[in-house]
Amino acid sequence: MTKSLNRREFIKIAGIGAGGFAAGASALHAWNPFQIDPTQIASSGIPGVTPTYCEICFWKCAGWVHKKDNEPWKIVGNPDDPHSNGRFCPRGTGGLGAYTDPDRLKTPLIRVEERGKQVFREATWDEAFDYITDKMNLIKEKWGPECVALFTHGSGGDYFKNLIKAYGSNNIAAPSYAQCRGPREEAYVLTFGEAVGSPERTDMQNSKCIVLIGSHIGENMHNGQVQEFTEAVAAGATVITVDPRFSTAASKSKYWLPIKPSTDLALLLAWINVIIEEELYDKDYVEKYTYGFQQLKESVKNNTPEWAYPITTIKPHIIRETAREMAKNAPATIVHPGRHVTWYGDDTQRVRAGAILNALLGSWGRRGGFYSQVKAKVKSPALPPYPKPKKDWKDAFPGKYPLANLAISQGICDATIPSVERDCSFKGWFVYGTNLLMTLPQPKKTLEAIQNLELLVVVDILPAEITGYADVILPECTYLERYDDLRVSAGRVANVALRAPAFEPKYDTKPAYWMARELALRLNLGEYFPYEKIEDYLEYRLKSIGSSLDEMKKLGVKQLPSDQNSLYFLEGEDFEFYTPTGKIELYSTQLANAGFDPIPQYTAHEEPGEGYYRLLYGRAPMHTFGRTANNPNLADLMDENEVWINPKVAKEWGIRHRDYIILENQDGIKSAKIRAKVTERIRHDCVYMVHGFGHSQKQMRRSFNKGANDSDLISKINVDPIMGGTGMRVNFVTFRREVA
Ligand SMILES: Nc1nc2c(c(=O)[nH]1)N[C@H]1C(S)=C(S)[C@@H](COP(=O)(O)OP(=O)(O)OC[C@H]3O[C@@H](n4cnc5c(=O)[nH]c(N)nc54)[C@H](O)[C@@H]3O)O[C@H]1N2
Ligand SMILES: Nc1nc2c(c(=O)[nH]1)N[C@H]1C(S)=C(S)[C@@H](COP(=O)(O)OP(=O)(O)OC[C@H]3O[C@@H](n4cnc5c(=O)[nH]c(N)nc54)[C@H](O)[C@@H]3O)O[C@H]1N2
Ligand code: SF4
Ligand SMILES: [Mo]
């Protein structure tokens, strides 16, 4: 039920003007700032070279896997691919390590002792599937199919989605929603009637002014985005970075605003105030396209830079100067919507304030702002209708999170712990490609929920922490050993990409497609998986765009013509937005109806007590979450995380650079030992660490006990009342000397 889908249909109806838009490979290459290795171009169709798209993160760059003597040699970007433009990032290049990692799961496992003791026996696939189907039949009979939930992140999750829906449940949660970009998508849908999407529809390559609010592009290594950012910087774009830490992006910026963490909404409101009071907004655009300008003007009249100064610690003249800089470059100014935005629990409102600023600058639908993406129209085979579930996760939270469009992961956890208020709690979980114990905040609660399950199935490639609590572990082969569905992504050019297996699956591992289908057959749901072989399913889809597996194996990525003729609004174009008023809603009628502030209002957040510092976290360029810490190639580049501490603070505590210390949070929870990085590059009221380290699973030998896990310290969350996102930067830590 996503509104963006409806919106796409709407675009079809509205038919944005006439004419022809052609931005093929040549146009892309024209702006590609990187040198392309000529051997890559020659690679299509050569024996020993296989097309894939990367699974090391969710940017899904397409590339070529090269073998020598049937052993992995290298993996390189496909120059025709708009996600990578022929270049892989360090993580993608090191992706071969996912295949070679000797610590991989090797065979199905069934638990023999109590949960968490990690005693498993090796099982055949038949035994594993029989165990799961018996339990699924029991749950369906006793409690109903709705009591099974799926947590998923990654390509193969789609087959399990199909399985769970066919079985009768629509409780499908992804940590990429309530722990990541959920508030952003809802904020943009509320304002513009459309989500931002992934890859983001940000036209940074043409931007003249880029405002980054905590988006640490450069450490956040989403490939095409980093390339566009680099290109804009090289072309002289003004970058304004708002971050309590001097990030890589801050180092490329004209303005670094080292804001007091948790106060960004005050800064955004002050910027809106300046843009309105100084009449710097795009008057024609605001007049033509927006709703609620007068209410907005009235609402922000007291949010002056002087008001924001004591809250944010950003000086009034800097707030004014940066607002003017944005206006000067508008509409080629982009206030980046961010991606991981679940920070403080008022995240939908904070992101909406940025969206409103973009609307005032007229950057939505304009060159250098946000463009309108195109997407290939690839058919899927018709399936029988899914059974209609009698209830879903929202029933466990009457009246709460009215604007959540997807299931929220921590909500499923809560609703798994039995309570008198609910007649049925969740009894079965499928977990595909998400290490819930590192990914969800409040890991203790996740564990409590797990102890109440009748069935926990984990599909993974590694013995990740979550596998230790499974009843059945299904070992998937890596992306380099399997087909998956086509990558059909939105962007400037309609395109599809193929992932084909470069290697035979190692050990007794299997692709998710096969697993989900085998389970479906055993549950008498085979009609939902009409193709025995995924190749036949792919042929069906490819035929609908006039292609074939053979062709795609040679091309890797196929670019297709699109009937949308412009990426931007045409001059003076009439446009109906997919919001209740048909306008860009500066004043949100949907929020008003649901009882929330229709225009964002600043409220202060709790501050750290004496001797405590706000715990911030983020990314490192050579790792993806916790999923690469054990990768032999990438662990070589960085094998533990550090905690960034301001020198003044370090001095007070007698902490020296590179000392090992322990962090203890407000609830007395202690971290594993972590090295101190004493640096001026962070404010004095917070500390910072890279997420994804501090693995506690011995079987992951390279990453076990290396660094500390931020999730352990996130025992408190502020839940966004609008859509259920979990604000996670609300924990405070202090320093301890003793070694764990
Ligand atoms: N504390 C804290 N929590 C966070 C974040 C944070 O920064 N700090 N970030 C949040 C964000 S932005 C996001 S998007 C989420 C991400 O959260 P997740 O997507 O859950 O990320 P990972 O923890 O890396 O878990 C990925 C799991 O997938 C497995 N895997 C890798 N490849 C495959 C495959 O091909 N098949 C299968 N079956 N499994 C595979 C890995 O071994 C690993 O166990 O986490 C969120 N949670
Ligand atoms: N290398 C690499 N790249 C990745 C990923 C990865 O795992 N590895 N994951 C991808 C995914 S799924 C996501 S969602 C994105 C996440 O990437 P982003 O969306 O860029 O991440 P955030 O966590 O929002 O931002 C982290 C930055 O916010 C700053 N910050 C912390 N608190 C505040 C605050 O109160 N105000 C402000 N203004 N700034 C603050 C931190 O200092 C840090 O620089 O990265 C993507 N790219
Ligand atoms: S950005 Fe890097 S890790 Fe992510 S898909 Fe692309 S190459 Fe792979
Ligand atoms: Mo994310």
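1. A polar contact is taken here as a pair of N or O atoms within 3.5 Å; within protein, one must be able to donate a hydrogen and the other to accept it, and residues adjacent in sequence count only if both atoms are side-chain atoms. The model is predicted, with local features requiring pLDDT of at least 70, side-chain atom pairs counted only at pLDDT 80 or more, and totals for chains, interfaces and linings using all residues. Residues are numbered from 1 along each chain as its sequence is written, chains are lettered from A and ligands numbered from 1 in the order in which they are written, and side-chain values use heavy atoms, with hydrogens and water left out.

2. For ligand 1, an N or O atom in the side chain of Arg-482 is 2.9 Å from an oxygen atom of the ligand, and the side chain of Arg-619 likewise places an N or O atom 3.0 Å from a ligand oxygen. A nitrogen atom of ligand 1 has a polar side-chain atom of Glu-476 at 2.8 Å. Of the 920 Å² of accessible area that ligand 1 has on its own, the protein covers 97% (Shrake-Rupley method, 1.4 Å probe; for residues, only the protein chains shown count as cover).

3. The shell around ligand 1, where a residue is near if one of its heavy atoms lies within 4 Å, has 27 residues, of which His-153, Thr-434, Thr-439, Asp-460 and Glu-476 come nearest. At least three residues are drawn from each of domain 1 (109-177 + 388-490 + 508-530) and domain 3 (613-736), the bounds coming from an automatic or database domain assignment.

4. Around ligand 2 there are 32 residues, and Gly-214, His-340, Tyr-344, His-623 and Arg-729 come nearest. The side chain of Asp-243 has an N or O atom 2.7 Å from an oxygen atom of ligand 2, while a nitrogen atom of this ligand lies 2.9 Å from a backbone N or O atom of Ala-620. Taken alone, ligand 2 exposes 920 Å², and the protein buries 99% of that.

5. Because domain 2 (193-371 + 575-593) and domain 3 (613-736) both give residues to the shell around ligand 2, this ligand lies between them.

6. The whole structure holds 35 aromatic pairs (rings of Phe, Tyr and Trp, the last by its six-membered ring, with centres within 6.5 Å; planes under 30 degrees apart count as stacked, over 60 as edge-to-face and the rest as tilted). One of them joins Phe-397 and Tyr-401, tilted at 55° with 5.9 Å centre to centre.
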